[in-house]
Amino acid sequence: MTARFRVAFAGPHVTVQDGGRPGLMRFGVPASGAMDRKALAIANLAAGNPPGAAVIEVSRGGLVLDCIEGAAGFAVAGGGFVVQAGGRRLASWQTGGIAAGEQLAIRPGHWGSWCCLAFAGGLEAPEWLGARATHGPSGLGGGRLAAGQVLQLSSPRAVEPRRLPCPVWARPRQLISVVMGPQDRFFSAEAQADFLHQPFTVTEAGDRMGLRLSGPALPPEGALAIPSEPVMRGSVQVSGDGVATVLLADHQTTGGYPKIATLLDDDTDGLAQTRPGDPLRFQAVTPEAAVALARTRAAAVGRYLAALQARPAEPLSP
Amino acid sequence: MWPRFRPVAERGLLIEFADQIGDAAHDAVLRLDRALADAPFPGFAEAVPAMVNLLVTFDPLVTDHRAAEAHLRGLLGRGTAGAAGALREVLVCYDDDLAPDLPEVAARTGLTAEAVIAAHLAGDFRVFMYGFAPGYAYLAGLPPELRLDRKPAPRRGVAAGSVIIAGGQCLVTTLTMPTGWWIIGRSPTAILTGDAARPFLFDVGDRVRFRRITRAEYGAAP
């Protein structure tokens, strides 16, 4: 048995994503994968899939699918999107089902920028270098969704409908933890203080590669000739005119702009869920404190995921 | 005091061997990269070699900066200095329509187009690093007489396989992308090989020679 869907509408940046393809930065390939990896794991586990399985990552552009054959259970998590299945309004974080002749629509809601739609059973999509994650700039991997395209599930299953709790750590994060550097030495004490004590704002110039911020100018000093060097998801690179950009899932793997600071990995997901106009502040932690913070946060996420898997499905009242 | 170890967030170290590009620094990067591949530490995630530094990432749930730095310091000086990488051959056709910037490169360098081609073919290139986009390998070793700053404005939609030069470097593009580098030829040699066992033609540190092919050979390449 299979299930098939036709894409009735897909906004920009709606792609197939999974846990990504780590380990290939040395060949110019970023890991890519879901912008909000906790939402990815939650949607997949709720749908009975492995946590890093391929999903459809829906941007603020939204997605409408027509189920044209079969039936399938699914889960949505990430952001506060408006979800409708077969004419029924669902919660933003919920499991549900969809059958031939019905429509599944995911549109931007009150908050958040990225929603993971996980179908129960394998989503068929092209693999590139061992993963179905789409590398946005090239389109390689599972690919961008486009109207008219048909998607297929190889082994769809039903999923008992239930609401999924949205934990506080899955909300957009506006206080961002960083470790300063590795090129903070190219910034004056004043610029470093501005970075940590002045507010920034998320701009419209953002995609899966990075997010440009507006805020105090952070003019680098004498850094215009630094050799191109590795950058990563979470690098805060500052161009010659003093504008900061945070690199995200589809980042370039090297860059010649100085990096004033680097986000904790977990904060890149929270940052990705902000929207243009949202205020941001950065707080510096030491490398030792950053490791401790990462461990505390990973434990909290681990407890949530374990509870999600242990809890029997709770049918929703009609 | 080199090398310098700089923490990168909660999950990495940037090990810097110099602040200016040079063969000695790059050799040191590759030496540590190879030594680490032979003797990884618990929690090691990924190493990314670049011009003068090596990024090493790790799982902060397993290890931390101090333990990673101690391990890496123990590897310094190990491995073979200047170990030669494999020699890779890249085919290139310099015909007019595949080399739109060749006339201007000739004009700016004061050479004939054939002399530009001869100089490029004489280049003994080395894969310095990958960056920018998947499979974009920066090849150092462009002969001095061909060194030009980038173009004032990038050209859009430059075809995959374009052989482009700027500064002291050469690169064979793998995607259709804008570039401000000078386009002097086109190659049918796939850097993204499509071979799952060896998906990228070069390893960092490999040597590269270009071999000229005719338009007919370019058209006949798979």
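Student: Which domains is chain B divided into?
Tutor: In this predicted model, chain B is divided into domain 1, covering 4-75, and domain 2, covering 87-220.

Student: How far apart do the C-alpha centres of those two domains lie?
Tutor: The C-alpha centres of domain 1 and domain 2 of chain B lie 29 Å apart.

Student: And how many residues are in contact between them?
Tutor: Domain 1 of chain B contributes five residues, which are in contact with four residues of domain 2 of chain B. On the side of domain 1 that touches domain 2, four residues are nonpolar, one is polar and none is charged.

Student: Let us turn to the sheet of seven strands in chain B. What is its order?
Tutor: The order is 5-13-6-7-10-9-12, in an open sheet with mixed pairing. From one strand to the next, the twist averages 35°.

Student: Which strands stand at the edges there?
Tutor: Strand 5 (87-92) and strand 12 of chain B do. Each has a single partner strand, so one side of each is left without a neighbour in the sheet.

Student: Which sense does the pairing of strand 9 and strand 12 have, parallel or antiparallel?
Tutor: Strand 9 (residues 162-166) and strand 12 of chain B pair in the antiparallel sense, over four bridges. Within this pair, B:Ile164 stands opposite B:Ile183 of strand 12.

Student: What about helix 4 of chain B? Which of its residues are buried?
Tutor: In helix 4 of chain B (residues 113-122), the residues B:Val116, B:Ile117 and B:His120 are buried. Seen down the helix axis, the buried residues of helix 4 of chain B fall within an arc of 100°, so they line one face of the helix.

Student: Chain A has a sheet of five strands. What order do they follow?
Tutor: The strands follow the order 2-3-10-5-8 in an open sheet with antiparallel pairing. Strand 2 (15-17) and strand 8 (94-99) of chain A stand at the edges with a single partner strand each, so one side of each is left without a neighbour in the sheet. The twist in this sheet averages 35° from one strand to the next.

Student: How many bridges join strand 5 to strand 10 in chain A?
Tutor: Four bridges join strand 5 (residues 71-77) to strand 10 (residues 115-119) of chain A, and the two run antiparallel. A:Val76 stands opposite A:Leu117 in strand 10 of chain A.

Student: Which strands does helix 1 of chain A lie across?
Tutor: Helix 1 of chain A (residues 37-46) lies across strand 2, strand 3 (55-58), strand 5, strand 8 and strand 10 of chain A. Helix 1 runs at about 150° to strand 5 of chain A.

Student: Now the backbone. Which residues does the cis peptide bond in chain B join?
Tutor: The cis peptide bond joins B:Trp2 and B:Pro3, with omega about -5°. B:Pro3 lies in the segment before strand 1 (4-8) of chain B. In chain A, the peptide bond from A:Gly181 to A:Pro182 is cis, with omega near 15°. A:Pro182 is found in the loop between strand 12 (175-180) and helix 2 (189-197) of chain A.

Student: What is the phi of A:Ser32?
Tutor: A:Ser32 has a positive phi of about 50°, although it is not a glycine. A:Ser32 sits in the loop between strand 2 and helix 1 of chain A.

Student: Is A:Ser32 buried or exposed?
Tutor: A:Ser32 is buried, with 34 other C-beta atoms within 10 Å.

Notes. Residues are numbered from 1 along each chain as its sequence is written. Chains are lettered from A and ligands numbered from 1 in the order in which they are written. This is a predicted model: local features need pLDDT of at least 70, side-chain atom pairs count only at pLDDT 80 or more; totals for chains, interfaces and linings use all residues. Two strands pair if DSSP finds at least two bridges between them. Axes are lines fitted to C-alpha atoms, for helices over the stretch in contact, and angles run from 0 to 180 degrees between N-to-C directions. Two residues are in contact if their C-beta atoms, placed from the backbone, lie within 7 Å. A residue is buried if 20 or more other C-beta atoms lie within 10 Å of its own, exposed if 12 or fewer, and partly exposed in between; C-beta atoms are placed from the backbone. The arc is that of the directions from the helix axis to the C-beta atoms. Domain bounds come from an automatic or database domain assignment. Ala, Val, Leu, Ile, Met, Phe, Trp, Tyr, Cys and Pro count as nonpolar, Asp, Glu, Lys and Arg as charged, and the others, Gly among them, as polar.
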